[in-house]
Amino acid sequence: ISTMMACADQALMQQESDYVNALGAARSFALAGDQLTISYDGGELRFTRQAPVADRPLEGRWQLTTFVAGESASSLLAGTEISAELAGGRISGKAGCNSYSGDYTVSGANITVSQVGTTKMACSDEIMAQEGAFLGALAAATGYSIAGDQLTLTHPGGQLIFMAAP
């Protein structure tokens, strides 16, 4: 089972398809130290255990990768960027078309985002709809969690999943 997100790069889509097919055809596996080998008709998949990534602090730069609404996950529209920079109780970034900024407060694993304002540029209807969905979810955020370099903001309708930005 996998998500149905599409990539613009056809070679990457083919690589993913080949990988998923190889996993589905797995016949055996071997674990030796930090090496996992999965054998299938026609080849092997080889993996090396990676050291866990230390949890990043909440304050920093994040890039949105996934919108989760109920049981459905979707990626951003091609060519758009949604980011968040959190520092000293302020959140700001790109919302897809416009820049935004606001305030946030944290209490334990709870987060509240308020007083969000944006610039007033106009983009295509599709990008503006994505931006509206993001800003609405951000304003409704009630909780957060960090696992390694992934930040998840939860809201009543789902989640916003970010990866740490370089």
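This is a predicted model: local features need pLDDT of at least 70, side-chain atom pairs count only at pLDDT 80 or more; totals for chains, interfaces and linings use all residues.
Strands of a sheet pair through backbone hydrogen bonds, in either a parallel or an antiparallel manner. Here, 3 strands form an open sheet in the order β1-β2-β3, and their pairing is antiparallel. The edges are formed by β1 (26-32) and β3 (43-48), each of which pairs on one side only, and neighbouring strands of this sheet are turned against each other by 15° on average, with direction ignored. Between β1 and β2 (residues 35-40), which run antiparallel, there are 6 bridges; within this part of the sheet, Ala30 stands opposite Thr37 in β2.

Helix α1, which covers residues 10-24, lies across β1, β2 and β3 and runs at about 100° to β3. Leu23 is found in this helix, and together with Tyr19 and Val20 Leu23 makes a nonpolar surface patch of about 240 Å². Leu23 counts as partly exposed because its relative accessible area is 36%, a value that lies between the limits of 20% for buried and 50% for exposed residues.

With a relative accessible area of 7%, Gln130 is buried, since buried means under 20%. When residues up to four places away in sequence are not counted, Gln130 touches Phe67, Leu76, Leu77, Thr80 and Ile82.

Methods. Residues are numbered from 1 along each chain as its sequence is written. Side-chain values use heavy atoms; hydrogens and water are left out. Two strands pair if DSSP finds at least two bridges between them. Helices (H or I, at least four residues) and strands (E, at least two) are DSSP runs, numbered from the N terminus. Axes are lines fitted to C-alpha atoms, for helices over the stretch in contact, and angles run from 0 to 180 degrees between N-to-C directions. Contact means heavy atoms within 4.5 Å. Patches are made of residues with over 30% relative accessible area and no salt bridge: like charges are joined within 9 Å, nonpolar side chains (Val, Leu, Ile, Met, Phe, Trp, Tyr) within 5 Å. Accessible areas come from the Shrake-Rupley method with a 1.4 Å probe; for residues, only the protein chains shown count as cover. A salt bridge is a side-chain nitrogen of Lys or Arg within 4 Å of a carboxyl oxygen of Asp or Glu. Buried means under 20% relative accessible area, exposed over 50%, partly exposed in between (1.4 Å probe, protein chains only).
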